[in-house]
Amino acid sequence: METASFNNGTRYYIMAVTPTRLYSFTGTGSPEAVFASYADRAVHFMELPGDIPNSELHFFIKQRRAVHFAWLSGAGIYHGGLNFGTQRGENFVENKALLDYSKLSDGGEVVKPSSIALSEFHFLLLIGNRVKVVNRISEQIVEELYFDQTSESASKGIIGLSIDASAGLFYAYDENSIFQVSVTDEGRDMWKVYLDLKEYAAALANCSDPYQRDQVYLEQAEAAFSARDFFRAASFFAKINYALSFEEITLKFIGIGEQDALRTFLLRKLDNIVKDDKFQIMMISTWATELYLDKINRLLLEDDSPEKRSNSEYQSIVMEFRAFLSDSKDVLDEATTMKLLESYGRVDELVYFASLKEQYEIVIHHYIQQGEAKRALDVLQKPGVSVDLQYKFAPDLIMLDAYETVESWMTRKDLNPRKLIPAMMSYSSEPHAKNETHEVIKYLEFCVHRLQNEDPGVHNLLLSLYAKKEDESALLRFLQCKFGKGRSNGPDFFYDPKYALRLCLKEKRMRACVHIYSMMFMHEEAVALALQVDPELAMAEADKVEDDEDLRKKLWLMVAKHVVEQEKGTKRDNIRKAIAFLKETDGLLKIEDILPFFPDFALIDDFKEAICSSLEDYNQQIEKLKEEMNDATHGADNIRNDISALAQRYTVVDRDEECGVCKKVILPSGADYRMARGYTTIGPMAPFYVFPCGHAFHAQCLVAHVTKCTNRNQAEHILDLQKQLTLMSVEPKEGVNGGLNGALSGDDVATSVTPIDKIRSQLDDAIASECPFCGDLMISEISKPFVLPEESYLVSSWEIMSKNVGIEKGIAFVV
């Protein structure tokens, strides 16, 4: 009995035998319910007539489940497989068969077994004192077992067989002994058994090594080859690794002219070859490529009409070939494959393979030859394509489809426009319709305005294209645009102005030439050329000069001369227009400036009003100059009075006034100061300086202080002046305070300055231009350190040394 679980509950499968019948019962619920259900229905059984000493039913158990059974009946051994996974009623037996006992005899009398045991592939049949091992599949006796019995047991014979299903052990026993039948790898030859029966799937399932599988594949292949099923044979031959060589198999197909089957064999062989065998894979793949090409050509030769080329077989083989190229692109030799494709004239496949191998140059060249610029540009846009190919094919692409090419360029940020200049120039040299959009100008404007390109070559090319257009407005806008505006240390424009000027002169773009002249500060040339184009433009150019009054007047004179000479009509009208022109100059030109431009025989009455107006202006200027002269005269008188007052300037020094440096009194002691109050000489006195702030210094002290506080160069200059003065001067005898000692008198000022006075004046300026205690010298002293670097040794003397302090004691005070 076996059970199986289903959604509707547990199902029971029960088999039972009698000497002549094998019953099968099945149902759900419980065993009692199963048997009770047969009260109303017929019992399913198999009846085999015949007598047998012992009717037995045995099962082979695998993974705790009965797999197949064998019934020792009178007619033979009834056996089959068991399938407990279905709900088909009593019919759970599969592959039923009956082994006739006549197959167990050697031509003699048929002897029925007295006992049976069942293994996975064999029957163990007890016949007399021997156990015959019969293959369950082939029904052939594969072995006979004899037992080593005692003479007493041998006369009585083997009683029966028994099996330990859980352990898979077989036993035979007599009255005295138990014999164990050992089973070792009983399925080792089952592949041969199945192979002989042409059951190839079962044979492969029981193969234990590659050599056995090769025999099965070889048998299948030979059978299919004999049946002229060549494609199936090719598939089996491809799986063979040892039983038959590669060359023998291929020669089989070549010998009968089956190229398609040979191709199939090669393709299947590629699937089975170890990936490490790269050379064999490459050779087989190359051979398969040639067979594909041969097949395609044969289809074309059969009927080369366009209708036939579009048929399913041709298109199918082409698509299959392309899929093969895609799968084998890494193993095929690039050069060999391309030569094969080229020799067979398969240009489309050549381009396809080149694209797979990232040989984009070949692909692009093909599309250009076919006139398919859009597809070529699509290839160039792929991430792995080198940017150098953009420059290489740019001339061909822009001539083929300028719009698509420029649009493609504008999507790329890694292009160098300078390298595209040859392509753009070749396109620009071709004639274009007036209303046609110039694609090169569009791209150059994109580079200049959007990408802010600063390459002079790009700017020059754009300027040259603008210059060739009939409408000059775009050229003028380009020249007036400051592309470098806002960039530090950069020019306002990047084109070559000299080249631009030559080009505009050649193309007769005069307004542009005027702008370039003005930009190059060649204002005279700009005005002269503007007068040929438009006087208003010339006036605007003349008015641009602001920092050079003479040049501005010269330019306006050029304009005035042109206006006077070009005016036509009566003389009086010409003069009136010329006078009106003077008003536009805002007083820069006068009537006398333009009179030389009129003819000699012009009457002065025609200029009466202008001359009178000019004379009035001059009169006003003369009056203004007179006022300025009077003011200057008064100012000179005031300066003279100030000089006279300065000559009489004095200061009072107290008798106890000290030197600001040495702190000694300025005036000598021991003299009669009452005499000093008069104008009598009181004896020799050291030179000193007194400042308006009241500070006084000895001359030598002041020199020493200033040289100490000022920088090194100034100090050396002061000492040099002092040295020169010491060598050149003699102590003056006229007064003790002359020169360095006091202020000069009015008479001294009138005398000529001697070299010694000049040196003394320079020394005064160097040390006494301001009070050292109240001027900038004292302010600069604030930033100097107290300790100079050369006085660092003094720092250590100021260090506060720590000393051990005794234990502090606190005293409590009670308040």
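Mentor: Lys442 pairs with Glu439 in a salt bridge whose closest N and O atoms are 2.8 Å apart; the term requires a side-chain nitrogen of Lys or Arg within 4 Å of a carboxyl oxygen of Asp or Glu. The model is a predicted one, in which local features need pLDDT of at least 70 and side-chain atom pairs count only at pLDDT 80 or more, while totals for chains, interfaces and linings use all residues. Residues are numbered from 1 along each chain as its sequence is written, and side-chain values use heavy atoms, with hydrogens and water left out.

The two partners lie three residues apart in helix α19 (residues 439–450), so about one helical turn separates Lys442 from Glu439. Helices here are DSSP runs of H or I with at least four residues, strands are runs of E with at least two, and both are numbered from the N terminus. Buried means under 20% relative accessible area, exposed means over 50%, and partly exposed lies in between, with a 1.4 Å probe and protein chains only. In general terms, side chains of opposite charge can pair when their charged atoms come close.

The search of the whole structure finds 26 salt bridges. One of them joins Glu139 to Lys103, with 2.5 Å between the closest N and O atoms. This pair links distant parts of the chain, 36 residues apart: Glu139 is in the loop between β11 (130–135) and β12 (141–146), and Lys103 is in the loop between β8 (93–100) and β9 (115–118). Glu139 is buried, with a relative accessible area of 14%, while Lys103 counts as partly exposed at 45%. The backbone of Glu139 also deserves attention, for this residue has a positive phi of about 60° although it is not a glycine. Arg228, likewise not a glycine, has a positive phi of about 60°. Arg228 sits in the loop between α5 (210–226) and α6 (230–237), and at 60% relative accessibility it counts as exposed.

Another salt bridge brings together the side chains of Lys295 and Asp260, at 3.1 Å from N to O. Since Lys295 lies in helix α9 (residues 278–302) and Asp260 in helix α8, the pair ties together parts that are 35 residues apart in sequence. Both of these residues are buried. They also belong to a network of salt bridges that links Asp260, Arg263, Asp294, Lys295, Arg298 and Glu313.

Helix α8 (residues 259–272) has a further partner in helix α7 (residues 246–255): their axes come within 9 Å and cross at roughly 155°. The axes are lines fitted to C-alpha atoms, for helices over the stretch in contact, and angles run from 0 to 180 degrees between N-to-C directions. The crossing makes α7 roughly antiparallel to α8; angles over 145 degrees receive that label, those under 35 count as roughly parallel, 65 to 115 as roughly perpendicular, and the rest as oblique. From α7, the contact involves Phe246, Ile249, Thr250, Phe253 and Ile254, and from α8 it involves Ala261, Leu262, Phe265, Leu266 and Lys269. Contact here means heavy atoms within 4.5 Å.

Helix α23 (residues 510–519) is mostly covered, with eight of its ten residues buried. Among them are Cys513, His515 and Tyr517.

At the surface, Ile159, Tyr173 and Ile178 form a nonpolar patch with about 300 Å² of accessible area together. Patches are made of residues with over 30% relative accessible area and no salt bridge, like charges being joined within 9 Å and nonpolar side chains (Val, Leu, Ile, Met, Phe, Trp, Tyr) within 5 Å. Accessible areas come from the Shrake-Rupley method with a 1.4 Å probe, and for residues only the protein chains shown count as cover. Ile159 is in the loop between α2 (151–156) and β13 (160–164) and is partly exposed at 46% relative accessibility.

As for the whole chain, it has 35 helices and 17 strands, and buried residues make up 37% of its 815 residues. It exposes about 49500 Å², of which carbon and sulfur atoms supply 51%.
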